[in-house]
Amino acid sequence: MDFSFNEEQEMLRKSARQFLEDECPKKFVRDMEEDEKGYSPELWKRMAELGWMGLLLPEEYGGLGGNFLDLTALLEEMGRALLPGPFLPTTVYSSLPILHYGTEEQKREFLPKIAEGKLIMTLAITEPSGRFDEAGIETKAIRSNNDYLITGTKLLVPDAHIADWFLCAAKEGEGITLFLIDAKTPGINCTLLKTLAADKQCEVILDNAKVPARNILGKSGAGWEIASKIEQWGAIAQCALISGCLQQVLEMTVDYTKERMQFGKLIGSFQAIQHQCADMAIDVDAVKFITYEAAWKLSQKLPATIEVSRAKAWTSDASRRVCLTGHRIHGGLGLTEDHDMQLYFRRAKAMELAFGDGDFHREIVAKELGL
Amino acid sequence: MAENKGILVYGELAGGKLASITTELLGCGRKLADDLKEDLSCLLVSDTVGEASKEAIAFGADRVYTVEDASLKQYQADSYMQVAEKLAKELSPRAILMGQTSIGRDLAPRLAFRLGVDLATDCLELSIDPEAKLLMRTRPVYGGNAQATFSSELMPQITTVRTKAMSPMERDDSRKGEVIPTKVEIDASKIRTKIVETIKEEVAGIKLEDAPVIVTGGRGVGGPEPFKTTLKELADILHGAVGATRPPADNGWVPSAMHIGLTGKIVAPDIYIAVAVSGASQHVAGCSGSKNIIAINKDPEANIFKEAKFGVVGKYEEVVPAFTNKLKEILAG
Amino acid sequence: MPINMIVCCKQVPDPEAPPAVFKVAGNKMTLPADVKPVISPYDENALEAALRIKEKTGGKITALSLGNKLVRDVIKKSLAVGADELILLEDEAFEESDSWSTAYALATAIKKIGQYDLIFCGRQAADWDAGQTGLGIAEILGIPAVSVARKVEVTDGKVRIEQVIPDGYEIVEVALPTLITVTSELGDLRYAALKGIMAAAKKQPTVWKPADIGLEPSQVGAAGRHSKLNKLFQPVKEAKCEIIEGDSPEEAGANLAVKLREAKLL
């Protein structure tokens, strides 16, 4: 067994860490919370120049032919830096489904532009029901000649306010169909929501938005199969982000225990604190390896339903524990706005819920166990 | 080969006078020579050396070798090396001391490699090992995170010394010494570089090296503007100068002449006010000789507080203007 | 005219690591395993200088590094950002080199490479901070050298260099071949694009042992030193900073002024 990343992934990680330390300092993260767009087009362009948007795409579409494990290394660094912006919505939630289920024409139209950083996309599946299953989709698509008219409300669509295109799920008869929708289509209305993580989530209302039939992704009525796959990719991508985020929370906390004096001693010398730090370290390590295993399966295109759900269930729960312990050790200081702890905590909470929380994925694991 | 004896100081001139680093080198060289019971010589190289040779004697030299040539007006490695190599071979000193200056940094390594001997750069302390009679040379390493003492049996033991690390002797114009004008034929064909232009990026006001008070801004000030406003106002009140750590200089917020640190200027003012300076070892190396370091930083864990005598934890944008205003009030009496 | 460039890159412990992690034990600097080594920052500036010339004028960049057990994903960064070739002088015998034995081995390797117009080095390395190796290589090779460059351009077989001096800079011209030591004002090394990283991962560096460059083990590393390290130590600092408080940052600032007056510093 080899538990280490390869040389290329280590280089990728180092390079990404340096880039993000320089270009995405916490001041930038804070500024972006206040910023209407929530991302920096200039930084987005530079990330594209470094090839990040095309990591998972084949060379023929302007990408680099990397795999999901490569992406995991990159995402861990993004999680560590709390990089704001539409990276996952554009790449994992949109470019991957197009690559795997799109027509050649669709691939040629979308993928090179995504790789170049010229196209921002997002995924519009969730609805006010909050459920991530077929029955949760009430948005309707009605065929009219060569077009579809789509009507419904999508909630918690990440970065929809800046997206050029949406990948949107709608009910067509009894099945679900995925549509590629130009954000400029008349009848689409997008409102920015206020969220805990100050990430940019939107409500998108579609009112008879007209979409050409050729913009169906995959087969008509067979969209849920794609949505389930996106859910797997998305869940592991979130796990990787959480992993980087928690690693930083751990480091920040341990550093603090080596500096903070109480009763004339460093708090890191108290056994109660030591054990809590040890628990955090154990949790973070487990998060990493359970995530890596699932990411590896995905990178090898192996069935990974149980691995993905196991990873997301564990990671979501561990995220809660690690952040809580981190906060507890930091005391009042960690709750101040000036301190970075709260930035991590708020985002960890959002990531814990994205693509299913612990209970959601425990259900899947139980089902896979034949229960 | 003759036995190597005596200490040779490679002197520098500034505005026709002995540069302060050279008086420091003579001060330290004098002690070393006395410990060895040997002589202290000084080499002065320029188009015209003038009265500086007498100064060198007043500051401790027993002998001053002057090399004058029109081609030596401006430092150029290939011409100065001809002088340094010839004199080092002819005088065969036990040790050569140079300043860790722009010239010393450039000339000393070339000379050491030309002669096939050892060089210790940027030394803070020098002493003679009584038994081996070797120069023990202590210098900061790892960006100032440690110090190391080096020695070498190869003669001459070439050493560059950090500015302001040593104290000059009291000037004594009654000291006796010998000035020895020395002719070195400069072979112009061996000068391979050509200085096309010299561009001065003079910083207005008091020179950093001479300022009794320095207000230094770090990366944390966030841009070029505060150097001209907030920090400048504070420096002006105290009749001081404004300096910077490396990132502002590298980012072009300020001219590199304002950079204080291991690879910039070394300063030792009475009061050094570090504003939004994290206190990286590389920077501290340039200001640790200051008598009183005062730190203003919003991060209570910033390393600069480990160097400072007084500190304020807070955003400099809020702390500094209030500090400046109160100073105005106090100084107005 | 395509230019053959060699850039000397040293692997050093990360100088940006917090001061507290630098610990001396048995005359050696030890850092915790989680502080990863890096390419010495000024050597990165040197690499950037070469990359800019390659972009403008064309040419080939060979990165050259000396040490033992060099970490591949660190030292191959040179390839990831655009160097064409990486040569490692890598052997136990190269351990504990000083400026002399480092420059001697590098110069000997450069002679073996043979083709060179420009050699770039950082102005000093972030471990021993000596600032000798670059100029030493030039002496050994008998070529001109210009130190502390903040800008380097090549035109008509000549190099034009902006050399930093205490209160400004000089523009210096020199013919090829020449050696240049580079300072941080030149600018940071560019980030490696993923494409470069992937290509670098597939490339294997050329590894030379002392014998490959015609040197005996006695001429390199610790055995080839000119200097003896008598002692490595960390002076004890007595930290006693008095933090001036106040109900607001403004009040703390004003209190600081009062404190300085009381301490008779004004």
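**Chains C and B**

I looked up the contact between chain C and chain B in this predicted model, and found that it takes 65 residues from chain C and 70 residues from chain B. Two residues are in contact if their C-beta atoms, placed from the backbone, lie within 7 Å. I note the conventions here: residues are numbered from 1 along each chain as its sequence is written, and chains are lettered from A, with ligands numbered from 1, in the order in which they are written. As the model is predicted, local features need pLDDT of at least 70 and side-chain atom pairs count only at pLDDT 80 or more, while totals for chains, interfaces and linings use all residues.

I then listed the elements of chain C that give two or more residues to the side touching chain B; among them are α4 (99-113), β9 (145-155) and α7 (249-262). Helices (H or I, at least four residues) and strands (E, at least two) are DSSP runs, numbered from the N terminus. On this side of chain C, α7(C) gives the most, with 10 residues.

Strand β18 (residues 310-313) of chain B pairs with β15(C) in the parallel sense over 2 bridges. The bridge partner of B:Gly311 in β15(C) is C:Ile243.

**Chains C and A**

I turned to the contact of chain C with chain A, which takes 14 residues from chain C and 15 residues from chain A. On the side of chain C, α6(C) supplies the largest share, 6 residues. By class, I found 9 nonpolar, no polar and 5 charged residues on the side of chain C that touches chain A.

**Domains of chain C**

I recorded domain 1 (3-224) and domain 2 (236-266) in chain C; these bounds come from an automatic or database domain assignment. The C-alpha centres of the two domains of chain C lie 44 Å apart.

**Chain A**

I counted 11 helices and 10 strands in chain A. Its radius of gyration, taken over C-alpha atoms, is 21 Å, close to the 21 Å that the globule rule gives for 371 residues, so chain A is as compact as a globular protein of that length. The globule rule is 2.2 Å times the number of residues to the power 0.38.

I examined helix α9 (residues 305-330) of chain A, which has 26 residues and reaches 37 Å from its first C-alpha to its last, close to the 38 Å expected at 1.5 Å a residue. The expected span is 1.5 Å times one less than the number of residues. Just after α9(A), A:Gly331 takes a positive phi of about 65°.

**Positive phi and cis bonds**

I noted A:Asn145, which has a positive phi of about 55° although it is not a glycine. A:Asn145 is exposed, with 7 other C-beta atoms within 10 Å. A residue is buried if 20 or more other C-beta atoms, placed from the backbone, lie within 10 Å of its own, exposed if 12 or fewer, and partly exposed in between.

Finally, I found a cis peptide bond from C:Leu176 to C:Pro177, with omega near -5°.

Notes:
Ala, Val, Leu, Ile, Met, Phe, Trp, Tyr, Cys and Pro count as nonpolar, Asp, Glu, Lys and Arg as charged, and the others, Gly among them, as polar. Two strands pair if DSSP finds at least two bridges between them.
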